[in-house]
Amino acid sequence: MSTAPAVRSPVARDGAWTADDSAELYAVEAWGDGFYTINARGHAAVRPLLDQPLEIDITDVIAAATEHEVAPPMLIRFQDVLRARVRRLVEAFREAIAEAGYGNHYQPVYPIKVNQLHEVVEEVLDAGKNYRVGLECGSKTELIAALPLVEDDRLLLCNGVKDHVMLSLMLSAQQLGQRVLPIIEKYSEFEQLMQLADRAGFTPRLAVRVKLATRGSGRWFESGGQRSKFGLTIAELVRMVRVLERRGIADHLELLHFHLGSQVANIQVLKQAVRELAQVYADLKRRGVGIRYLDVGGGLGVNYGAGYGDEESAINYSLQEYANAVVYAIQEICSAREVAEPIIVSESGRAITAHHSVLVVPVIGTQRHEVEEDPEIADPDDTLVLRIQAALKEACNADDHVGELLEAYHDAVETRNEASTMFRLGFLAIDTLAAVESLYFAVCREVLEGLEAAEFEVPPAEQLELEKQLTDSYLCDFSVFHSVLDHWAIDQVFPVMPLARLDERPKRRAVVVDLTCDSDGKLEHYVSSLDDNTYLPLHRVARDERYYLGIFLVGAYQDILGDAHNLFGRLPEVHVYADEEEDGNFWIEKVIPGMSVNEMLAQVQYFPNDLNRRMSELVRRKIDADEVRPNVGMRILNDYKKRFAETTYCATEFPHGESGNG
Ligand SMILES: Cc1ncc(COP(=O)(O)O)c(C=O)c1O
């Protein structure tokens with residue numbers, strides 16, 4: 001994806017700031033894809049209905065959620081966005097089909113692994129009922145969940161390793177008349193299926209995943225290609241077809257499938273794979289195999305990075321271009337080989353679910369390097385103190401004289417290093433070290449402000465160094481490992497921005513850190529139009545202010561991949577529907593409580609009865625030993641017992657506090 005031009009950092013500047021400036025800074029238009037915007041109140045808002053201008057202010061949803069006794073951190077699902085994504089996908093294919101004059105239709109299946117939440121799957125099926133949207137599953141549990149949900153001419157495809165239980169379940173479903181197709185991934189699976197079918201006296205319908213020569217592009221490229229762990233080689237496919245032909249049931253092989261891997265970055269690779277599969281189709285069709293469906297798998301990408309940042313967060317095509325690429329590539333081969341055009345199936349998951357949910361996380365503390373220009377100094381005549389004071393004076397007087405600014409910074413660095421060495425060797429009092437540290441950061445801020453004012457085309461190394469040093473940590477009530485696991489695991493970026501004050505200049509360089517006791521528990525990269533995406537411009541948070549960040553596009557995979565690191569667990573969820581007749585244009589259909597301490601502990605085999613008994617015994621021993629007064633002991637015990645029912649995250653009344661670490 002082409003990298004968009006960077007804009008200048010708003011931090012450390014003054015002057016007017018508007019919602020449009022925020023929209024540009026946080027690149028909302030590109031990743032929001034028409035669903036997210038900033039409203040006249042300077043708040044983040046959602047436009048869930050594609051064909052109507054209706055807007056929902058996310059801050060209003062948070063306020064309404066409190067009436068249901070839910071507060072951030074929480075996940076908001078905009079169900080209409082999910083529906084709109086289904087419609088967009090189908091309409092893109094319909095448009096491509098109409099434009100190309102393609103002789104068949106498009107029929108998507110939703111891979112439930114992307115987000116198995118019942119409400120999500122039901123919503124996708126409901127939104128897709130006029131488009132024959134079916135499901136795809138990849139395990140026994142997913143198959144059991146999906147089986148009763150598909151009827152009539154909706155497809156249920158089953159990928160992944162299948163044991164005899166799964167194959168039998170699918171055969172039974174076929175006997176019921178359901179369009180359930182096992183996608184054969186290994187030759188032995190085919191043999192097992194035929195044995196089971198023979199035993200049941202039933203001729204199965206089946207599908208096959210083909211190992212193409214084309215490899216994917218992007219992070220999951222190994223899901224495709226000859227060395228992929230999935231699919232039949234061409235030799236195995238031909239062998240299978242011969243068996244079917246000998247049995248006189250070649251018309252029961254109904255679908256050919258490939259999957260290049262998720263988040264395909266390059267449309268050329270997709271076109272090549274589709275052409276390759278279409279050639280296989282044409283060959284088999286011409287020899288009388290009854291294939292009706294060509295399934296191009298998942299991989300339709302989402303523009304997480306909005307054109308900024310690394311290539312793997314971006315895609316080089318739009319949804320319409322993707323649909324055009326698939327339709328035209330199949331048509332081209334079918335027309336050259338004079339075979340009927342098949343029904344096109346895709347297994348797009350990420351592109352359907354990513355946009356619909358927003359993670360709302362409260363900032364519960366900020367930590368910044370203390371700038372105390374006039375700190376209390378126990379030893380004002382100390383040479384190091386005098387030197388760093390001189391550096392500060394030089395920086396303050398330098399204005400935008402770059403040479404002087406850099407000299408002041410270099411002096412400050414040297415003095416700080418010396419102070420640190422002397423302290424380690426026992427020659428410097430802690431108070432003096434504190435004063436030097438504090439003055440050092442004052443110099444840094446002065447110098448950085450001066451360098452930024454100089455507006456270099458290529459900033460000096462010192463400026464970049466200072467930008468890194470002067471970022472503040474914004475402690476947020478969430479767990480990266482639970483709610484945005486892909487950020488930690490594969491460095492996937494997710495757009496983040498404040499949900500309010502977007503008409504106010506964000507003057508702090510922030511890094512978002514989570515509650516976990518792990519140094520990896522933070523967001524390392526951000527989506528913004530700045531050159532440097534290792535920090536995010538945010539606002540100064542006032543004491544007791546409820547300052548919320550939205551982490552967007554988290555509806556695909558994140559919900560289900562999240563782990564139990566530090567036992568945080570699932571957040572509460574609020575499911576929202578748009579309705580222009582309601583206050584704020586929405587109503588809350590459902591609230592799902594988050595995990596309690598009790599539930600999380602049970603997962604690792606701790607149970608309240610046992611823990612309470614042990615705690616009672618401990619308190620009793622302390623009382624008996626006269627180490628604690630009985631009423632204090634009982635208060636401590638009762639307080640402990642109450643905690644089992646509570647949220648695993650911080651209590652919502654947690655006051656915001658700012659601390660320095662000079
Ligand atoms: C076989 C199969 N189909 C579909 C998908 C969904 O892919 P995506 O979410 O990129 O559309 C996956 C996930 O990687 C998959 O393995």
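A: In H7, the buried residues are Met 166, Leu 167, Met 170, Leu 171, Ala 173 and Gln 174. A residue counts as buried if 20 or more other C-beta atoms lie within 10 Å of its own, as exposed if 12 or fewer do, and as partly exposed in between, with C-beta atoms placed from the backbone. An α-helix has 3.6 residues a turn, so residues three or four places apart point the same way. His 164, Val 165 and Gln 175 are exposed on the other side of H7.

This is a predicted model: local features need pLDDT of at least 70, side-chain atom pairs count only at pLDDT 80 or more, and totals for chains, interfaces and linings use all residues. Residues are numbered from 1 along each chain as its sequence is written.

Helices (H or I, at least four residues) and strands (E, at least two) are DSSP runs, numbered from the N terminus. H7 takes in residues 164-175. Its 12 residues should span 16 Å at 1.5 Å a residue, and the end C-alpha atoms are 16 Å apart, which agrees; the expected span is 1.5 Å times one less than the number of residues.

The cover over the buried residues of H7 includes helix H6 (140-146), strand S7 (155-158), strand S8 (179-184) and helix H8 (187-200). Contact here requires C-beta atoms, placed from the backbone, within 7 Å. Just after H7, Gly 177 has a positive phi of about 95 degrees.

How values were computed
Contact = placed C-beta atoms within 7 Å.
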